[in-house]
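Subject: Structure handover

Hello,

Here is the structure we talked about. Please open it alongside this note. My findings follow below.

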Amino acid sequence: MGADYDPRIVDLYDEDNPDGPDHDYYRALADEHGAQAVLDLGCGTGILTVTLAQPGRNVVGVDPSAAMLAYARRRPEADAVTWVEGDSGAVPAGPFDLVVMTGNVAQHIPDPAWDRTLRDLRRVVMDDAVLAFESRNPAARAWLGWNQPEPTVRETPHGPLREWSEAAEIGRGQVVLRAHNHFEATSESVIEELVLTFRDRETLTAQLTAAGFEVTAVWGDWYRTPFDGSQPLMVVEARAR
């Protein structure tokens, strides 16, 4: 694993990625399927994970970032979740009947690690278990809107933060995003560099099938509008076969 997130950036994660219709979708999915053992892979700060926990349901949150998990463990509801540091290879044996990957986690996992992740998940879920995640539609070319060369400044618990970003396609389906963070009070700069993988519907379907999953739905938004190829988001539901 590479360098971890700066804790000051982690402190801002929930503000930048608040609870919303995406979390509502995943919570509803858990309830609809009567999920009793839920895995949140790439759980981050645990903002969704803790809300999935309820009496009679076992919830496990897994993330490779120690900084993210440290934040998650400080949540008031954190004791209701089992937290594990690592990637899909560190997931407990299960078996799970629901796996979710939120926040476009799938795009943070490059090939061939993505194929290994799906195989790892198939090993820890029961037959007919549900796997759900979202990924951006590459045809929408979302990264074109990520270039923000003019800095903006906002107040944070760590003082004024000056931010700007740049993004570029570095290969077919591969985009590098650099987020620049300058803490004005200390004159410290933190640069986050992410390489994101954009996969189309056909590619995702083939990869899931190879790993032992059958795609049962692809939605174009969080309200279950069928994906028609034009929407910027794909929400994928698959069953373990």
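Start with helix H8, residues 201–211. Its buried residues are Leu204, Gln207, Leu208 and Ala211. Buried means under 20% relative accessible area, exposed means over 50%, and partly exposed is in between (1.4 Å probe, protein chains only). Helices (H or I, at least four residues) and strands (E, at least two) are DSSP runs, numbered from the N terminus. Just after H8 comes glycine 212, with a positive phi of about 100°.

A word on the source: this is a predicted model, in which local features need pLDDT of at least 70 and side-chain atom pairs count only at pLDDT 80 or more, while totals for chains, interfaces and linings use all residues. Residues are numbered from 1 along each chain as its sequence is written, and side-chain values use heavy atoms, with hydrogens and water left out.

Arginine 199

Look next at the loop between strand E9 (188–197) and H8, where arginine 199 lies. Is arginine 199 buried or exposed? It counts as buried, because its relative accessible area is 2%. Its side chain reaches the backbone oxygen of isoleucine 109 at 2.6 Å. The arginine 199 side chain also makes a polar contact with the side chain of aspartate 111, at 3.1 Å. A polar contact is a pair of N or O atoms within 3.5 Å; within protein, one must be able to donate a hydrogen and the other to accept it, and residues adjacent in sequence count only if both atoms are side-chain atoms. Leaving aside neighbours within four places in sequence, arginine 199 is in contact with residues including Trp114, Arg136, Leu204, Gln207 and Met234. Contact means heavy atoms within 4.5 Å.

The seven-strand sheet

An open sheet of 7 strands runs in the order E3-E2-E1-E4-E5-E11-E10, with mixed pairing. Strand E3 (81–85) and E10 stand at the edges with a single partner strand each, so one side of each has no neighbour in the sheet. The twist averages 20° from one strand to the next. Axes are lines fitted to C-alpha atoms, for helices over the stretch in contact, and angles run from 0 to 180 degrees between N-to-C directions. Two strands pair if DSSP finds at least two bridges between them. Strand E4 (residues 96–101) and E5 run parallel, joined by 5 bridges. Phenylalanine 96 stands opposite valine 125 in E5.

Helix H5 (residues 66–73) packs on this sheet. H5 touches strand E2 (58–63) and E3, and its direction makes about 165° with that of E3. H7 lies across strand E1 (37–41), E4, E5, E10 and E11, at about 150° to E5. The buried residues of H7 include Trp114, Leu118, Leu121 and Val124.

The four-strand sheet

The other open sheet to check has 4 strands in the order E6-E7-E8-E9, with antiparallel pairing. Strand E6 (148–156) and E9 are at its edges, each with a single partner strand, so one side of each is left without a neighbour in the sheet. Strand E7 (residues 159–171) and strand E8 (residues 174–183) pair over 10 bridges. Alanine 167 has leucine 177 in E8 as its bridge partner. Glutamate 192 lies in E9. Its contacts, not counting residues up to four places away in sequence, include Tyr5, Ile9 and Leu177.

Backbone points

Most residues other than glycine have a negative phi, and most peptide bonds are trans. Here are the cases to look at. The bond from glycine 94 to proline 95 is cis, with omega near 5°. A cis bond also joins aspartate 111 and proline 112, with omega about 0°. Asparagine 104 has a positive phi near 60° and is buried, at 11% relative accessibility. Serine 187 also has a positive phi near 60°, but this residue is exposed, at 54%.

Best wishes
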